[in-house]
Amino acid sequence: MNSEGVFNKLMRQHDMIREVTKGTQAFLETIKTSANEGDFIELIGKLEHLRFLLLDHSGFEEAVLIPVLKKMYHPQEELAHYVKDEHIVLDKDLKALIQIVKDHVEQKKGELDREDFFKIRNYLQQTVTHLVEEEVSLFPMLKVISGQI
Ligand SMILES: [Fe+2]
Ligand SMILES: [Fe+2]
């Protein structure tokens with residue numbers, strides 16, 4: 001795949017993640033005061049779908065971007081680690097949130113705790129921020145390096 005193809009794929013993945021994240025954000029708001037088990041199961045499904053997309057994207061992003069960062073004239077070792085570390089944290093946090101909702105269903109606790117609701121809401125917002133940050137800083141820089149601009 002040439003560098004244009006790589007960036008197009010990265011952007012397509014970002015758009016897909018953004019769409020699923022926004023859909024999940026909207027759904028979360030609708031179940032804020034719900035005690036319905038079916039709603040929580042649907043939320044788990046949406047979060048798991050998001051996790052699948054994020055893992056797929058992170059793997060591709062690391063495979064194509066980290067070697068470029070390491071090959072730079074001043075190797076961007078720190079940035080390479082940063083890209084990866086951020087993905088690890090994003091996945092770890094999402095895994096923990098899915099578990100919280102699963103436990104909630106198992107314990108038949110009624111409405112989601114406020115604190116858990118806000119944790120999920122913040123996570124989704126943070127995911128959108130992660131995408132935007134890469135698009136405005138990391139991607140353009142790498143496009144210059146890989147000779148696309
Ligand atoms: Fe990323
Ligand atoms: Fe990304």
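Figure 1. Of the contacts in the chain between residues at least 6 apart in sequence, 74% link residues at least 24 apart. The secondary structure of this predicted model consists of 4 helices and 0 strands, which follow one another along the sequence in the pattern α-α-α-α. The C-alpha trace of the chain spans about 55 × 25 × 20 Å along its principal axes. Of the 149 residues in the chain, 14% are buried.

**Figure 2. The packing of helix α1 against helix α2.** Helix α1 covers residues 3-30, and helix α2 covers residues 37-71. Their axes come within 10 Å and cross at roughly 160°. That angle makes α1 roughly antiparallel to α2, because angles over 145 degrees count as roughly antiparallel. The crossing of α1 with α2 is left-handed. On the α1 side, the residues in the contact include Val6, Leu10, Ile17, Val20, Phe27 and Leu28; on the α2 side, they include Leu43, Leu47, Leu50, Leu54, Phe60 and Val64. By class, the contact of α1 with α2 comprises 14 nonpolar, 6 polar and 3 charged residues.

**Figure 3. The packing of helix α3 against helix α4.** Helix α3 (residues 77-106) and helix α4 (residues 114-145) have their axes 11 Å apart and pack at an angle of about 150°. This makes α3 roughly antiparallel to α4. The crossing of α3 and α4 is left-handed. From α3, the residues Glu86, Leu90, Asp93, Leu94, Leu97 and Ile100 take part in the contact; they meet Asp116, Lys119, Ile120, Tyr123, Thr127 and His130 of α4. Sorted by class, the contact of α3 with α4 holds 6 nonpolar, 2 polar and 4 charged residues.

**Figure 4. The largest nonpolar core.** This core has 9 residues in all: Phe40, Leu43, Leu47, Leu50, Leu54, Leu94, Leu97, Ile120 and Leu124. Two or more residues of the core come from each of α2, α3 and α4. Helix α2 gives the most, with 5 residues. Ile120 is one of the core residues, and, when residues up to four places away in sequence are not counted, Ile120 touches Leu28 and Leu97.

Figure 5. Not counting residues up to four places away in sequence, Leu142 touches Leu65 and Val68. Leu142 and Phe7 are 135 residues apart in sequence, yet their C-alpha atoms are 9.4 Å apart in space.

**Figure 6. Ser34 in the loop between α1 and α2.** Ser34 has 14 C-beta neighbours inside 10 Å and therefore counts as partly exposed, because that class lies between the limit of 12 or fewer for exposed residues and that of 20 or more for buried ones. Leaving aside its neighbours within four places in sequence, Ser34 is in contact with Asp39 and Glu111. The C-alpha atoms of Ser34 and Gly110 are separated by 7.4 Å, although these two residues are 76 residues apart along the chain.

Notes
Residues are numbered from 1 along each chain as its sequence is written. Chains are lettered from A and ligands numbered from 1 in the order in which they are written. This is a predicted model: local features need pLDDT of at least 70, side-chain atom pairs count only at pLDDT 80 or more; totals for chains, interfaces and linings use all residues. Axes are lines fitted to C-alpha atoms, for helices over the stretch in contact, and angles run from 0 to 180 degrees between N-to-C directions. Angles under 35 degrees count as roughly parallel, over 145 as roughly antiparallel, 65 to 115 as roughly perpendicular and the rest as oblique. A crossing is left-handed if the near helix is turned anticlockwise from the far one by less than a right angle, and right-handed if clockwise. Two residues are in contact if their C-beta atoms, placed from the backbone, lie within 7 Å. Ala, Val, Leu, Ile, Met, Phe, Trp, Tyr, Cys and Pro count as nonpolar, Asp, Glu, Lys and Arg as charged, and the others, Gly among them, as polar. A nonpolar core is a set of buried Ala, Val, Leu, Ile, Met, Phe, Trp, Tyr and Cys residues joined through C-beta atoms within 7 Å.
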